[in-house]
Amino acid sequence: MAPHDPFQGRRDFLRASGALGLATMLPGAVRAASTHAGVVPAGDTDATSDVPLPARAPLASQPFRRLPAGAIRPAGWLRRQLEIQASGLGGHLDETWADVGPDSGWLGGTGESWERGPYFLDGLLPLAWQLDSAPLKAKAQKFIDWTLDHPWPNGMFGPRSNNDWWPRMVMLKVLTQYHELTGDARVIPLMTNYFVHQLGALPARPLRDWGRSRWQDELLSVLWLYDRTGDKRLLQLAVLLHRQGFDWQGMFADFKFKQKVDVAKLKAEGGGGDVFMEDLGQRVHGVNIAMSIKSSPVWSLVSGRAHDRDAVHHQLSMLDTYHGLPNGMFSADEHLAGRNPSQGTELCTVVETMFSLEVALAITGDPALADRLETIAYNALPGTFTDDMWAHQYDQEPNQVESSLHRRPWTTNGPESNLFGLEPHFGCCTANFHQGWPKLTQSLWMATADGGMAAMVYAPCTLQTVVHGVPLRIEQSTDYPFRSRVEIVLHPARAVAFALKLRIPGWATGSTLTVNGQAQASGSAGRFLTLQREWQPGDTIALTFASVPKTVSGFNDSVSVRDGALVFALPIAESWIKWRQRGLTADWMVYPASRWNMGLPENASFRRAEQPVGPVPFSRQHPPVTLSVEGRPVATWKAEEGAADPVPRRPQADAADVPVMLTLMPYAAPKLRITAFPLLAPGSNEHPEDGHVS
């Protein structure tokens with residue numbers, strides 16, 4: 001890889017921080033600034049609570065508040081999915097991967113000491129508490145205890161082998177969740193001391209590289225602490241982070257990256273100009289962009305400006321228009337890569353986009369963000385794992401016809417990029433992937449500004465909270481997104497009046513609603529329906545959404561298929577070949593064993609079939625739902641180096657090939673798949689004969 005590439009620089013940094021050690025001595029002026037009276041000793045803090053704190057003035061109010069970690073527990077198929085994660089890499093990574101093993105720098109060892117320990121905890125911690133797993137809690141607690149018990153004298157914390165601001169931004173997110181779960185009295189003093197130190201140190205040692213690109217992730221923790229302590233210095237730090245951080249809002253207001261970005265080529269040919277900004281690779285890096293989606297909404301809490309809050313919509317529009325993929329994501333492998341569905345998306349980009357949407361949803365109150373979140377969570381997220389979650393991809397492709405050692409179609413990433421394994425291409429996703437499901441679980445319900453509750457994303461779960469001083473348990477039973485019915489049972493300790501908001505998905509062609517069996521007025525698609533009443537113990541809500549399978553236009557006039565929150569794909573028969581053993585797991589290549597180059601006619605007609613949701617929710621062997629549709633082979637559509645050529649525009653089906661009935665599955669079920677189909681030219685549509693592909 002070219003020496004100037006930022007991804008190579010990341011490897012170099014990790015190598016240096018883990019093996020060589022980085023200087024930790026700060027300039028004398030900065031050391032002195034961190035030792036003033038603002039550094040506080042440990043003391044008592046608030047106990048845990050299932051009620052979110054309101055925004056403290058002068059921070060802007062927001063329509064929804066995310067509930068404290070631990071308030072929502074998974075049930076039904078979602079719990080099974082989290083149990084699969086705990087039984088796979090998510091719960092055993094430290095046993096088979098040295099980077100988060102006993103020698104981790106975040107345990108006081110001399111091993112990897114940068115982002116991987118915090119990334120690991122950012123998913124392990126909520127997973128452990130949501131499953132109430134003593135073994136997983138013990139694993140997380142070791143890292144937490146070492147971090148809290150070994151602060152630096154100047155207020156810094158973490159491994160002494162580096163003083164980079166970035167990995168501490170991730171660990172701060174971990175500590176906020178941990179405090180919400182346990183009320184541990186060590187957390188708030190450590191965070192306070194660190195922020196005081198950083199406020200003094202940043203003028204001389206400003207944000208750079210990853211920290212400069214990801215400043216908004218620390219801002220979340222700064223505001224979290226301000227809501228609890230009211231320390232005005234935190235507002236000063238918030239302004240400083242914003243000033244030193246990269247201006248994502250400005251970049252998307254004048255968005256110049258409208259096609260696949262080859263960073264090396266742009267730098268070689270550009271020679272300057274406004275599009276060739278400082279460290280171009282950081283600006284078009286997929287994970288940075290995923291994290292930045294929350295930057296304008298989070299900053300709006302400080303600025304109070306609606307323009308800042310709403311800028312997220314323009315950012316998402318630019319990503320959709322120029323880099324959008326049918327699985328709800330944008331391409332970035334490693335950098336923005338256009339709309340060709342043979343381009344990939346990094347797993348870190350998927351989970352960080354989800355988290356950004358969860359945060360932005362609470363701040364903006366826009367239900368369209370929940371629609372997008374569900375599309376990603378129920379398609380792109382599980383689509384990049386093996387069923388047992390013992391192996392994952394670095395890059396997934398919507399049109400993924402082979403997973404093997406090849407360079408096409410990547411411009412930055414290496415040939416291992418879409419293998420399934422322990423750490424294909426690079427290990428950041430190995431550490432970071434498992435925040436996806438647990439943090440989605442944390443965001444299924446939110447509190448409303450008027451003291452009520454809101455169903456934001458649909459999945460089976462149990463919620464424990466307090467509304468207007470009354471303890472409340474809510475049980476949500478559903479097989480959504482595989483089915484369209486949701487049942488919600490409320491169990492307040494006594495009758496209590498409050499507003500309950502229910503999101504009606506934007507794709508719903510209709511909905512029905514009953515309360516205790518009595519029909520109610522149903523809401524409009526893409527909006528929240530509000531039920532204001534005095535709720536009694538045992539009150540039951542039944543909500544059903546109507547949808548029809550439909551095609552969605554995309555790259556080169558291609559079409560993808562959606563039904564509700566699910567994207568459907570044509571499964572390709574898979575031949576799995578173990579490439580190498582990797583401790584408790586292995587790296588795999590997957591080769592196609594059936595024809596995949598199929599097109600769909602205009603006005604395609606679909607037939608839906610449903611089966612029980614099995615122990616593996618997104619299973620290829622037992623998919624909970626399938627769609628049947630007529631298709632025809634497109635002989636001119638081929639693959640090169642394991643990657644499908646760009647979808648041909650309006651091809652003519654070969655007259656020698658008879659139509660076949662295709663069985664489509666939820667996107668995540670097959671690991672080799674076609675998701676974006678050529679739309680056949682007029683005249684290609686004929687009646688099916690005996691052929692069948694599934």
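Me: Let's start with charge: how far apart are the mean positions of the positive and negative charges of the protein?

Reply: They are 3 Å apart, for 63 positive and 70 negative charges. Lys and Arg count as positive and Asp and Glu as negative, while His and the chain ends are not counted. Each charge is placed at NZ of Lys, CZ of Arg, CG of Asp or CD of Glu. Please keep in mind that this is a predicted model, where local features need pLDDT of at least 70, side-chain atom pairs count only at pLDDT 80 or more, and totals for chains, interfaces and linings use all residues. Residues are numbered from 1 along each chain as its sequence is written, and side-chain values use heavy atoms, with hydrogens and water left out.

Me: What does the radius of gyration say about the protein?

Reply: The radius is taken over C-alpha atoms, and the globule rule is 2.2 Å times the number of residues to the power 0.38. For 694 residues, a compact globule would come out near 26 Å; the protein has 25 Å, which agrees. Its C-alpha atoms fill a box of roughly 85 × 65 × 45 Å along the principal axes.

Me: How much of the protein is buried?

Reply: Buried means under 20% relative accessible area, exposed over 50%, and partly exposed in between (1.4 Å probe, protein chains only). Here 62% of the 694 residues count as buried. The protein exposes about 23,400 Å², with carbon and sulfur atoms supplying 51% of it; such areas come from the Shrake-Rupley method with a 1.4 Å probe, and for residues only the protein chains shown count as cover.

Me: And which secondary structure elements are there?

Reply: There are 21 helices and 27 strands. Helices (H or I, at least four residues) and strands (E, at least two) are DSSP runs, numbered from the N terminus.

Me: Could we look at a helix? Which residues of helix 4 are buried?

Reply: They are L89, G90, G91, L93, D94 and T96. That is six of the eight residues of helix 4 (residues 89–96), so this helix is largely enclosed by the rest of the structure. Those buried residues pack against helix 3 (76–87), helix 5 (116–130), helix 6 (134–149), helix 20 (428–432), strand 18 (574–582) and strand 19 (585–592). Contact means heavy atoms within 4.5 Å.

Me: Now a strand, please. Which residues of strand 8 lie on the covered face?

Reply: In a regular strand the side chains alternate between the two faces of the sheet. On strand 8 (residues 470–478), V470, L472, I474, Q476 and T478 form the covered face, and P471, R473, E475 and S477 the uncovered one.

Me: Which strand joins strand 8 through a hairpin of six residues?

Reply: That is strand 9. Two strands pair if DSSP finds at least two bridges between them. Strands 8 and 9 run antiparallel with seven bridges, and L472 has P492 in strand 9 as its bridge partner. Strand 7 (residues 461–467) also pairs with strand 8 in the antiparallel sense, over seven bridges, with L463 partnered by I474. In the hairpin of strands 7 and 8, two residues lie between the strands and H468 takes a positive phi near 50°.

Me: Where does strand 9 (residues 485–492) pair next?

Reply: Five bridges join it to strand 14 (residues 540–546), again antiparallel, and E487 stands opposite A542. Strand 14 also pairs in the antiparallel sense with strand 11 (residues 510–515), over six bridges, where S511 has F545 as its partner.
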